[in-house]
Amino acid sequence: MSSLDLNELSLRQINGRLHAAEPGDDNAAWRIENPMGQHAIACGLSRAMSVTVAGNVGFYCGGMNQEAHITIEGHAGVGVAENMMSGQVRVVGNASQSAGATGHGGLLVIEGDASSRCGISMKGIDIVVAGSVGHMSGFMAQKGHLVICGDAGDALGDSIYEAIIYVAGKVDSLGADCIEKPMTEEHRQTLQALLERAGLEKDPDSFRRYGSARKLYNFHIDHAGDY
Amino acid sequence: MCGIVGLYLKNEKLHSQLGRLFRPMLIEMTSRGPDSAGVAIYRNPVPEGQIKFSLAHDQIDFDWQSLSDRLSADLQTDSRITPCNTHAVLASAAPEQAIQDWLRQHAPAVRVVGRGNSVEIFKETGLPEHVYARFELEKAQGRHMIGHTRMATESAVTTAGSHPFATGADLCLVHNGSLSNHNRLREALQRRGIRFETQNDSEVAAAYLTHHLQRGLTLKQALEQALDDLDGFYTFCIGTGDGFAVLRDPIACKHAVLAETDDWVAMATEYRAIATLPDANNAKVWEPRPATVYSWGAGSPLNEAAEPSAFATAGVA
């Protein structure tokens, strides 16, 4: 485990060190000390490696991540794992707004609560939140899974496309074109696998599934005469 | 942009370090607001029957002592003035309205930036670091403090357009965001007799609260009413004589984070402003919910309606 201290090195130096990791360094383990809420820590990593951030981080931590496994031993600011492509980001504490926004792939695990707009415009990422999420979560979510073990705030899944949302707790309200759908065995297995990957022991049968009614974004043939 | 910060020290042993603990909080928010900065600090309450005014003048060598002497002679009362750079703190036993009228008549270039029993407001254009140094806030002692770093979007970079804005006795507001209906709201408030000194949208929010507090609403009621009437984006931190309150608009676009330990409660636009506080790593950290009033303080005045006289000179910049 190599240690990088933000009290001694600049953020740019630390991210540069992580980006410069040679292919032979794959799976190297790094520990970033004294994050002090700084922004863009461990952003843009593109190789398999393990990075642990020892404390609370600011905005966009782990953004654009590919392949790396990043653990934040604290709370995360706005846009954690934003536009993640692959790999894994785990937040041990709470996450602020827009967690996992626009993510294309990989797994984001939030062990605490996430704030509003969690998974906004997600495009294939899987997000598992052990706690609750704020309003407008899953807004315009296109692909991937958003698993919420606690409650969801207002307008869940507003204008959702083909992402799938699972919620164990209560939902304050559903957004436009988001509806509850039946849990089939296939969904139960998908959810079970996601919970296992996230390391959470939670009964898949305690969840409800939500998705798109497909009335808002699909062209409806009966409306052909309107144009 | 803009950055806002607030610190309330629960542990009395830390009161002597308030200015030192608050300094990195404000300065960390420089990148969000390098135009100007300001703070409200609650300290040295005046004895019963007196009132404290925070005054400002554009000239750094303005003769505050002479102003205080003339005011005391004319109003036949005792006053004490403590100059501090472009500002001064006046403590006087004269009636509040009489002081306000006298200042308007005899010293129109002097701006009233705050008043109450314990609040002192200091604000200037320039980097937060420089503003903090010019008012010698590093060694300030007290229980709580709120501050603002400004990146102007709606109006000019001037001292009068800097935050905090006073909204009543010991009450003041700092704002991160922008209001979209401030022009019409300003006109409506002007028709009701509220005076404005700037074209600033945050001054409208302060005046709006002042107006509703004058009508007899509690601070909590006034803030809840604001959710209906203010259009735009905002995170507010409102300093009160006993602590501070926080409110975000229903969409909650503007960042805000709260943190609490056994020793202190802090709010900031970003966590990095809180990270330097003692034991911040182990604090309870969370994001305030939208459209929800949060408050801290001993005997919070949130639910008490003030006497109308408490707002005799409110709506000041």
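**Exercise 1.** How do the residues of the lining of the largest cavity divide into nonpolar, polar and charged?

*Solution.* The model is a predicted one, and the structure holds three cavities of 30 Å³ or more. The largest cavity has a volume of about 70 Å³. Its lining consists of B:C2, B:R150, B:M151, B:A152, B:T153, B:E154, B:H163, B:H175, B:G177, B:N200, B:D201 and B:S202. Sorting these by class, one notes that Cys, Met and Ala count as nonpolar, that Asp, Glu and Arg count as charged, and that Gly is among the polar residues. The division of the lining is therefore three nonpolar, six polar and three charged residues.

**Exercise 2.** Identify the elements that give two or more residues to the lining of the largest cavity.

*Solution.* The lining includes B:H175 and B:G177 as well as B:D201 and B:S202. With the ranges of the elements at hand, the two to be named are β10 (171–179) and α6 (201–214), both of chain B.

**Exercise 3.** Describe the interface of chain B and chain A by its contacts, its buried area and its polar pairs.

*Solution.* Begin with the contacts, in which 20 residues of chain B meet 16 residues of chain A. By class, the side of chain B that touches chain A has 11 nonpolar, three polar and six charged residues.

Methods. Residues numbered from 1 in each chain as written. Chains lettered and ligands numbered in written order. Predicted model: local features only at pLDDT ≥ 70, side-chain atom pairs only at ≥ 80, totals over all residues. Heavy atoms only, no water. Contact = heavy atoms within 4.5 Å. Buried area = accessible area lost by both parts, 1.4 Å probe. Polar contact = N/O pair within 3.5 Å; in protein donor to acceptor, adjacent residues only side chain to side chain. 1 Å grid on protein atoms, 1.4 Å probe; cavity = no way out; pocket = protein on both sides within 12 Å on 5 of 7 lines; lining within 4 Å. Points joined across faces, edges and corners; volume = space filled by probe spheres on them. Helix = DSSP H or I, 4+ residues; strand = E, 2+ residues; numbered from the N terminus.
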